[in-house]
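Colleague: I am new to this structure and would like to learn how to read it. Could you take me through it feature by feature?

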Amino acid sequence: MSLTTKIYNSTKKFPKEEIFGLTSQIRRSSISIPSNIAEGFGRDSNKEYLRFLNISIGSLFEIQTQLEIAKNIQ
């Protein structure tokens, strides 16, 4: 959740024209990480928990890509 907070604070500095593009996408990806971890933890099996952890890892890779794009278009 601290990553999500840092993402929100960092993306406040993004250009206003990106609010519905890159900013929104980065924020959604960051929210999905702790959300999927929590959802998986609430499931009844380790298999389900691992599935949701894998989804979270995918969201981390999305954020990495999106932040690299943001850096490149600065």
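**Salt bridges**

Modeller: The count of salt bridges comes to three. Keep in mind that this is a predicted model.

Colleague: How do I decide what qualifies as a salt bridge?

Modeller: Look for a side-chain nitrogen of Lys or Arg within 4 Å of a carboxyl oxygen of Asp or Glu. Here Arg43 pairs with Glu39, with the closest N and O atoms 2.6 Å apart. Arg43 also meets Glu48 in a salt bridge, at 3.5 Å from N to O. Glu48 in turn has a salt bridge with Arg51, where the closest N and O atoms are 3.3 Å apart.

Colleague: Which residues are linked in a network of salt bridges?

Modeller: Glu39, Arg43, Glu48 and Arg51 are linked in that way. Arg51 and Glu48 both belong to helix H3, three residues apart, which is about one turn of the helix.

Colleague: Is Arg43 buried, partly exposed or exposed?

Modeller: Buried means under 20% relative accessible area and exposed means over 50%, with partly exposed in between. Arg43 has 35% relative accessibility, so Arg43 counts as partly exposed. Glu39 is partly exposed because its relative accessible area is 37%. The value for Glu48 is 23%, so Glu48 is partly exposed. Arg51, at 42%, counts as partly exposed too.

Colleague: How do I read the length of a helix, say H2?

Modeller: Compare its span with the one expected at 1.5 Å a residue. Helix H2 covers residues 22–41, 20 residues in total. From first C-alpha to last, H2 reaches 29 Å, close to the expected 28 Å.

Colleague: What do the buried residues of H2 pack against?

Modeller: They pack against helix H1 (2–11) and H3. Among the buried residues of H2 are Leu22, Ile26, Ile33 and Gly40.

Colleague: Which residues line the largest pocket?

Modeller: The lining consists of Phe14, Pro15, Glu17, Glu18, Leu22, Ala70, Lys71, Ile73 and Gln74. By class, that makes five nonpolar, one polar and three charged residues. The volume of this pocket is about 180 Å³.

Colleague: Where does Ala70 lie, and what does Ala70 touch?

Modeller: Ala70 is in helix H3, which runs over residues 46–72. Its relative accessibility is 13%, so Ala70 counts as buried. Leaving aside residues up to four places away in sequence, Ala70 touches Phe14 and Leu22. Ala70 and Ile26 are 44 residues apart in sequence, while their C-alpha atoms are 9.6 Å apart in space.

Terms used. Residues numbered from 1 in each chain as written. Predicted model: local features only at pLDDT ≥ 70, side-chain atom pairs only at ≥ 80, totals over all residues. Heavy atoms only, no water. 1 Å grid on protein atoms, 1.4 Å probe; cavity = no way out; pocket = protein on both sides within 12 Å on 5 of 7 lines; lining within 4 Å. Points joined across faces, edges and corners; volume = space filled by probe spheres on them. Nonpolar A, V, L, I, M, F, W, Y, C, P; charged D, E, K, R; others polar. Helix = DSSP H or I, 4+ residues; strand = E, 2+ residues; numbered from the N terminus. Buried < 20%, exposed > 50% of the residue type's maximum accessible area, 1.4 Å probe, protein only. Contact = heavy atoms within 4.5 Å. Expected span 1.5 Å × (residues − 1).
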